[in-house]
Amino acid sequence: MMKVVRDSLGQAQEKQSSWYDEKVRLYTFEQCDNVMVFLPLKTDKLQAAWEGPHAILDRLDDVTYVVSISDRKPKTVHVNMLKPYYDRKEMVFWVSSVEGTSEDPEELVMYGDWDGEAGIEELCLLDHLPSQDKDQLLAALKDFETVFSNKPGKTDLAVHSIETGSHRPIYSRHYPVNEKVRQEIKWEIAEMEELGVIQPSTSPWPSPVVLVRKQDGTIRFCVDYRKLNAITTPDVYPMPRMDSLLDHLGPDKVISTLHLSKGFWQMALDPDAVAKSAFTTPIGLYEFTVLPFGFRVAPDSPDHCAR
């Protein structure tokens, strides 16, 4: 009887091990490699997040490493709590030959820290690219130079609307902020006014502003639309499922992706939605002329337009 139990237990362990190891990636690190470490949060020890970069000090065995942690003692960490750190300060572009294979390119053909404001000629084309191909690439980039910009465009194919029925306008006061945050709000508003995505408002639908600091230290300007969203009629049009999209793309050998610069801001609001997009700040009342982040049905309109 015990033999049957051991055999069944062994089979179950092998099955579970094969299932667990199916997508496992075994990393190997050397001294001085930069890594991200999965560590408990300083503010809440029950939660953890990836921190880094930190340097590998020593390798104790195949799965155990000693990592230098900033402002703390070196920590012995299992490899499951580590992942490689990639420095993404330099944006990299690559173009593959249409007549070549569908595999990933072995060499980059173009690189540069390009935000769309610099001229095409300021990009650096690597020497291994033939001069004829360089000329063709630069000509194509010049023809579509307006596409490579960090300034959002605007579609005329659709506008976004917000249905709240016969509900009366909801008024909210702005949140109190210190002088430093006030200056950051002022700078963000000036930038958005320059882009033409907001304008001064007299709307009776103001929502308060919240500034969220991102991991890179920059500010994300957010509007707290929770009260407006609570009375907004939802859009029941079905959004595509990610697993269905991946299944559809599975047999394809070449997949192209397009990124919209500030995609929401490329869709206009109808006049009623403009008034409901209003937000209040310590320096004044403003409203969006384009689709802002935070609306309950914001992702649906760009999806309808893309379809």
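Trp-50 counts as partly exposed, because its relative accessibility is 33%, between the 20% limit for buried and the 50% limit for exposed residues. The model described here is predicted. Trp-50 lies in strand S2, which covers residues 48-59.

## The five-strand sheet

Five strands form an open sheet with mixed pairing, in the order S10-S15-S14-S11-S12. Strand S10 (198-200) and strand S12 (219-223) stand at the edges; each has a single partner strand, so one side of each lacks a neighbour in the sheet. From one strand to the next, the twist averages 40°.

The pairing of S10 with strand S15 (residues 284-288) is antiparallel and extends over 3 bridges. Pro-200 stands opposite Tyr-286 of S15.

## Helix H3 across the sheet

Helix H3, residues 179-195, lies across S10, S11 (207-213), S12, S14 (279-281) and S15. The helix runs at about 80° to S12.

Strand S12 contains Arg-220. This residue has a relative accessible area of 43% and is therefore partly exposed.

Beyond its neighbours within four places in sequence, Arg-220 is in contact with Val-210, Leu-211, Val-212 and Lys-214. Val-210 is 10 residues away from Arg-220 along the chain, and the C-alpha atoms of the two are separated by 8.5 Å.

Technical notes: Residues numbered from 1 in each chain as written. Predicted model: local features only at pLDDT ≥ 70, side-chain atom pairs only at ≥ 80, totals over all residues. Heavy atoms only, no water. Helix = DSSP H or I, 4+ residues; strand = E, 2+ residues; numbered from the N terminus. Buried < 20%, exposed > 50% of the residue type's maximum accessible area, 1.4 Å probe, protein only. Pairing = 2+ DSSP bridges. Axes fitted to C-alpha atoms, helices over the stretch in contact; angles between N-to-C directions. Contact = heavy atoms within 4.5 Å.
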